[in-house]
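Please look at the sequence and the model before reading on.

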Amino acid sequence: MAMSMKVAVLGAGAMGSLFGGLLAEQGLAVQLLDVNPAHIAAVQAEGLRLETDRGDRRVAVPICRPEAARETPDWLLVFTKTGDTARALASAAHLLGPQTRVLSLQNGLGGADRLAEWVPAGRIAVGVTTVPSDLAGPGHVRSHGAGSIRLMMAQGQDDATLRQLAEALGAAGLPAEVDPMVGVAIWEKVAFNAAFNALCAGSGCRVGALAALPEARALAFEVADEVLQVARASGVAVQPERVHATMAHALEHHGAHQPSMLQDLLAGRRTEIDAINGAVVRAAEALGQPVPRNRTLATLVRLIEGRTLAATSGA
Ligand code: NAD
């Protein structure tokens with residue numbers, strides 16, 4: 001059954017192209033949907049170049065703009081940046097059939113809420129992934145190192161097609177586990193990202209600079225702890241020790257890493273601040289809980305984002 005599954009990927013950038021390319025390589029019917037003309041042209045002309053630990057090869061996979069696609073998929077995997085989700089789904093809404101399920105593995109909070117306008121809640125799945133991927137150039141995806149996926153129907157029900165999707169992802173080299181506690185994994189990743197993405201974006205520094213300055217290192221843990229307290233107050237059983245251990249590992253081993261939020265600012269692109277620290281601030285407000293560090297970082301990054309977007313658009 002998994003082999004006959006039709007999968008469309010909305011937002012075929014670094015992650016979407018990797019997931020779509022690996023599934024297509026396994027023989028699944030995959031349709032990539034994107035709006036980047038250079039990427040679309042490159043994949044149409046020469047196939048998708050996949051550079052992973054399994055080798056460097058090209059995979060033939062159809063790609064077009066969402067509004068040009070016609071085939072209703074069993075699964076729509078949403079892999080735009082969070083801020084582009086609504087516009088992307090509006091242009092792909094005609095593809096959603098009565099059985100189509102939609103999965104978001106995007107970073108940040110509110111994945112299911114962003115989809116709920118377009119898909120009934122019972123057909124939405126959410127999750128989190130540590131699989132890394134970069135778009136090395138048009139038509140060329142690079143992903144090295146291990147990663148995994150945890151996913152679950154947003155309403156928590158058992159779903160045979162979700163298990164089939166997890167199986168198909170695993171067979172494609174993307175280990176995926178259906179996990180009823182996925183909310184824990186989502187919040188723990190948000191805590192990590194709220195600290196490192198926002199601090200690096202706000203300072204212009206790589207992770208190694210945070211590691212080298214004790215005050216910055218301490219601030220990173222304080223930012224994450226604010227998020228974890230909001231999660232706990234929301235009834236999500238996050239484990240601070242686990243997040244702290246992941247953060248300590250990153251500080252020690254990933255010093256050269258430039259988090260995606262900093263990369264986005266440097267490239268003049270919109271960041272995912274609203275779905276990360278911004279969403280934490282909104283959740284904290286609803287609980288009457290103060291999160292001063294996250295609030296400050298969200299404002300700082302939005303200010304920088306406004307400046308860099310204005311500079312890029314020539315305003
Ligand atoms: P990306 O910018 O490489 O890809 C996003 C793609 O969406 C782009 O190709 C863009 O052209 C496309 N897009 C934008 N607007 C669109 C629209 N209206 N219709 C269709 N396509 C549209 O981003 P990414 O790195 O692949 O990240 C995607 C999501 O996955 C983000 O939420 C990110 O936080 C998350 N994530 C990324 C990684 C990683 O290593 N890259 C790891 C884990 C999670």
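A residue counts as buried under 20% relative accessible area, as exposed over 50%, and as partly exposed in between, with a 1.4 Å probe and protein chains only. The model is predicted, so local features need pLDDT of at least 70 and side-chain atom pairs pLDDT 80 or more, while totals for chains, interfaces and linings use all residues. Residues are numbered from 1 along each chain as its sequence is written, and side-chain values use heavy atoms, without hydrogens and water.

**Cysteines**

At 28% relative accessibility, Cys205 is partly exposed. Cys64 is buried, with a relative accessible area of 15%. A disulfide is a pair of cysteine sulfur atoms within 2.5 Å, and the count here is 0. Cys205 is in no disulfide, and the nearest cysteine sulfur, that of Cys200, is 7.0 Å away.

**Ligand site**

There are 22 residues around the ligand, each with a heavy atom within 4 Å of it. Those that come nearest are Ala14, Met15, Asp34, Asn107 and Glu272. By class, the shell has 9 nonpolar, 8 polar and 5 charged residues. Here Ala, Val, Leu, Ile, Met, Phe, Trp, Tyr, Cys and Pro count as nonpolar, Asp, Glu, Lys and Arg as charged, and the others, Gly among them, as polar.

| Residue atom | Ligand atom | Distance |
|---|---|---|
| Ala14, backbone N or O | oxygen | 2.9 Å |
| Asn107, polar side-chain atom | oxygen | 2.8 Å |
| Ser133, polar backbone atom | nitrogen | 3.0 Å |

Taken alone, the ligand exposes 840 Å², and the protein buries 83% of that; these areas come from the Shrake-Rupley method with a 1.4 Å probe.

**Cavities**

A cavity is a set of points, on a 1 Å grid over the protein atoms alone, where a 1.4 Å probe fits but cannot get out. The model has 2 cavities of 30 Å³ or more. The largest cavity has a volume of about 50 Å³, the volume being the space filled by probe spheres set on the points. Residues that line the largest cavity include Asn107, Ile186 and Lys189, where lining means having an atom within 4 Å of a point.

Note on methods: Polar contact = N/O pair within 3.5 Å; in protein donor to acceptor, adjacent residues only side chain to side chain. 1 Å grid on protein atoms, 1.4 Å probe; cavity = no way out; pocket = protein on both sides within 12 Å on 5 of 7 lines; lining within 4 Å.
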